Amino acid sequence: MSTALTMRVGCIGVGHMASAILSTILETRTIEPSRLTIFDPLPAQMTAYARQGVCIAGSPAEVVASSELILLAVKPQIMGEVLTQLGNPAGKCFISIAAGITTDFLRAGLPGAHVIRVMPNATLTVGCGATAIAEAPDVPSLYREAARTIFSCGGIVEEMSEDKLVSVVAVNGSSPAYFYQIVSQLASYGASQGIDPAAALRLAAKTMEGAARVLLQGEKSPAELVRMVATPGGTTQAAMDAMLDNGLEEAVTAGLEACTRRTAELSR
């Protein structure tokens, strides 16, 4: 169980990603409900949290006024507008999960505030989150540690320089969708061969989970593990050869580069 935070925490925006974060920190008791204040323009988004004892604010400014650490969980396209609605941000710390919104942009709209940028993913709801946090040596250690606590309660946290966040979106932020697509194809193939579709999906997904666990043990590199499974002349090697011959590496690289380009296009 994570160490509980004693500071008051706010969250502006309760969409898909914010819901994953909020659900995880409440389930792990990283933040007590009475210390958490949230706001979303759609009241229905907050109903479930109100039932758990979370404080519901009537505006973004009310969240800021009642909190020391505020999670900005709004879409990048409306971040500029939201920053004008926060009242007096001075002395507070804001954690932004918006892809492409730079620290400089946030600081310009949050005079006197501290800013930390993070790139999480929604798999933290099952304890397997992978969050990148931009290094912020100018931010007091109290807030930096609080940010680590919030996101490590649902998985791992890696710190890196802010300029790497443009590329890391392709690696952890968007990547769950890649894996879902691969599992979907594996399961669909199994179904086409007469295997029960639900069973095929479970077999493929559990295999991916197991492969990830083996990788995270860190004893062997991905290439070494491929060689262990793909015996020369065997079935796995036949599959790997066909996939590579049909452009597997090129397709994956093209996708990652497209994700990075789009992130850069959205950056400001």
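Mentor: Cys93 counts as buried because its relative accessibility is 0%, and buried means under 20% relative accessible area, exposed over 50% and partly exposed in between (1.4 Å probe, protein chains only). This is a predicted model, where local features need pLDDT of at least 70 and side-chain atom pairs pLDDT 80 or more, while totals for chains, interfaces and linings use all residues. Residues are numbered from 1 along each chain as its sequence is written, and side-chain values use heavy atoms, without hydrogens and water.

Trainee: Why is Cys259 called buried?

Mentor: Its relative accessibility is 14%, which falls under the 20% limit, so Cys259 is buried.

Trainee: What makes a set of residues a nonpolar core?

Mentor: Its members are buried Ala, Val, Leu, Ile, Met, Phe, Trp, Tyr and Cys residues, joined through side-chain atoms within 4.5 Å. The largest such core here has 37 residues, and Leu36, Ile95 and Phe151 are among those with the most contacts inside it. Another core, of 19 residues, lies apart from it and includes Val63 and Leu110.

Trainee: Why is Arg29 called partly exposed?

Mentor: Its relative accessible area is 38%, between 20% and 50%, so Arg29 is partly exposed. Arg29 also has a positive phi of about 60 degrees, although it is not a glycine.
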